[in-house]
Amino acid sequence: MAPAVNEWNLKQVEAVPPVNLPESQSTVTSRGDQAKVLRGLMEQKQPGIIEKDKSSHCRTLAVCSGKGGVGKSVLSLNLALALAQSGASVCLIDVNLALGNIDLLCRLNGYWNLSHVVSGARSLKEIQLEGPLGVSVVTGASGLTDLADCSEAVRKDVLGQMQELEATHDFLILDNGTGIHRSIRQFVTTADDVLVVTTPEPTAIADAYATIKSLSTIQSLEIQALINQCTSDDQADKVFQQLKKTTELFLHTDLTQAGQIPHDMHVVQSVYDREPFLLSHPHCPAAESIFRLAHDLLERHQSTEQQNKQESYFPRLWQRLLGEAA
């Protein structure tokens, strides 16, 4: 199946029309020069307004893992759908470093991404994809790290658009790349909730611990572990207790159990079919676990929403990116 997907991708890229530049700039042919021109055009626009003091009702969940192949992106997509089925407005953001495939998993064509918003080629609204159940899908969020090299006018414009996106959703789910790469670490540490996904495989557990270790220095961060592809509840409990004991002993950090997702062949088939299992088989064991996870997240959100309003996610993220670039 993998070669077919790659061919499909290439066809989509070939079908994308070139960016139309003003006639006077038509001789600019290299990609780097084109980005420079687009940034220049963007700086001529009125910058967006960032309301730094504005609190947000939107909850941000960062989903990450230490090892690839543990099902992180599939879980992120189906969790977004479960929340959407409850009536919540959800935006799913792909933060993988050039390897995101959220759009492929639900039959979308995601050529344009946030790097094009940063360069000025497209607006944020133009790159948003409408996924199943009305879930908004945004790809290429790692391109936001390029903002550190942009002018103040471009930063304000892009961040203003990101704040508008946040203001119109109840949940932002960030599907992060494998491991905690330096360039995307701040996306995770700024989120309201952090979900580390692992499977019962020893290598996945070891890499999950490494991820938790890299996040444990952030004192205000509550890290949750989700055990995926387990063969029984007992196996999932043993894996979690192993992780929790090691984390408390060596990192002096608490670890919360978010839940467990059983091994389910409907999940595997959904990847081949590029149709989320929550829609194709809503009563399968994995789907029922995802619904429980969504229910817990909704309850958590409702219980803290009134007493814990804080500054919007993207201004917090920007301050951390700026601090890291300094």
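## A buried threonine

Leaving aside neighbours within four places in sequence, Thr 60 touches Leu 172, Leu 174, Ala 191, Asp 192, Asp 193 and Tyr 313. Thr 60 belongs to strand β2, and with a relative accessible area of 0% this residue is buried. It makes a handy starting point for a tour of this structure, which is a predicted model.

## The chain as a whole

What does the secondary structure of the protein chain come to? The tally is 14 helices and 10 strands. The protein chain has 326 residues, and buried residues make up 49% of them.

Among contacts between residues at least 6 apart in sequence, 79% join residues at least 24 apart.

## The sheet

Now for the strands. An open sheet is formed by 8 strands, and its pairing is mixed. Reading across the sheet, the order is β4-β5-β3-β6-β2-β7-β8-β9. Which strands stand at the edges? They are β4 (129-130) and β9 (256-262), and each has a single partner strand, so one side of each is left without a neighbour in the sheet.

Inside that order, strand β3 (residues 90-94) pairs with strand β6 (residues 171-178) in the parallel sense, over 5 bridges. To find this pairing in the model, look for Asp 94, which stands opposite Asp 175 in β6.

## From β7 to β9

Follow the sheet towards β9 and you meet two parallel pairings in turn. Strands β7 and β8 run parallel and are joined by 5 bridges; here Val 197 has Leu 226 of β8 as its bridge partner. Strands β8 and β9 also run parallel, with 6 bridges joining them. Is β8 enclosed or open to the outside? In β8, 7 of the 8 residues are buried, so this strand is largely enclosed by the rest of the structure.

A right-handed β-α-β unit is made by β7, α9 and β8, and another right-handed β-α-β unit is made by β8, helix α10 (residues 233-251) and β9. Helix α9 (residues 202-215) lies across β2 (59-65), β7 (193-198) and β8 (223-230). Relative to β7, helix α9 runs at about 160°.

## Helix α7

Helix α7 (residues 152-167) is worth a look of its own. This helix has 16 residues and reaches 22 Å from its first C-alpha to its last, close to the 22 Å expected at 1.5 Å a residue.

Which residues of α7 are buried? They are Val 154, Arg 155, Asp 157, Val 158, Leu 159, Gly 160, Gln 161, Met 162, Gln 163, Leu 165 and Glu 166.

Tyr 272 is found in helix α11 (residues 265-273). Its relative accessible area is 45%, so Tyr 272 counts as partly exposed. Along the chain, Tyr 272 and Leu 105 are 167 residues apart, yet their C-alpha atoms are separated by 8.5 Å.

Two further residues have a backbone angle to look out for. His 252 sits in the loop between α10 and β9, and its phi is near 55°, a positive value in a residue other than glycine. Is His 252 buried or exposed? Its relative accessibility is 70%, so His 252 counts as exposed. Arg 274 lies in the loop between α11 and α12 (277-280), and phi of Arg 274 is also near 55°, again a positive value in a residue other than glycine.

Key
Residues numbered from 1 in each chain as written. Predicted model: local features only at pLDDT ≥ 70, side-chain atom pairs only at ≥ 80, totals over all residues. Heavy atoms only, no water. Pairing = 2+ DSSP bridges. Helix = DSSP H or I, 4+ residues; strand = E, 2+ residues; numbered from the N terminus. Contact = heavy atoms within 4.5 Å. Axes fitted to C-alpha atoms, helices over the stretch in contact; angles between N-to-C directions. Buried < 20%, exposed > 50% of the residue type's maximum accessible area, 1.4 Å probe, protein only. Right-handed = clockwise from strand over helix to strand, strands pointing away. Expected span 1.5 Å × (residues − 1).
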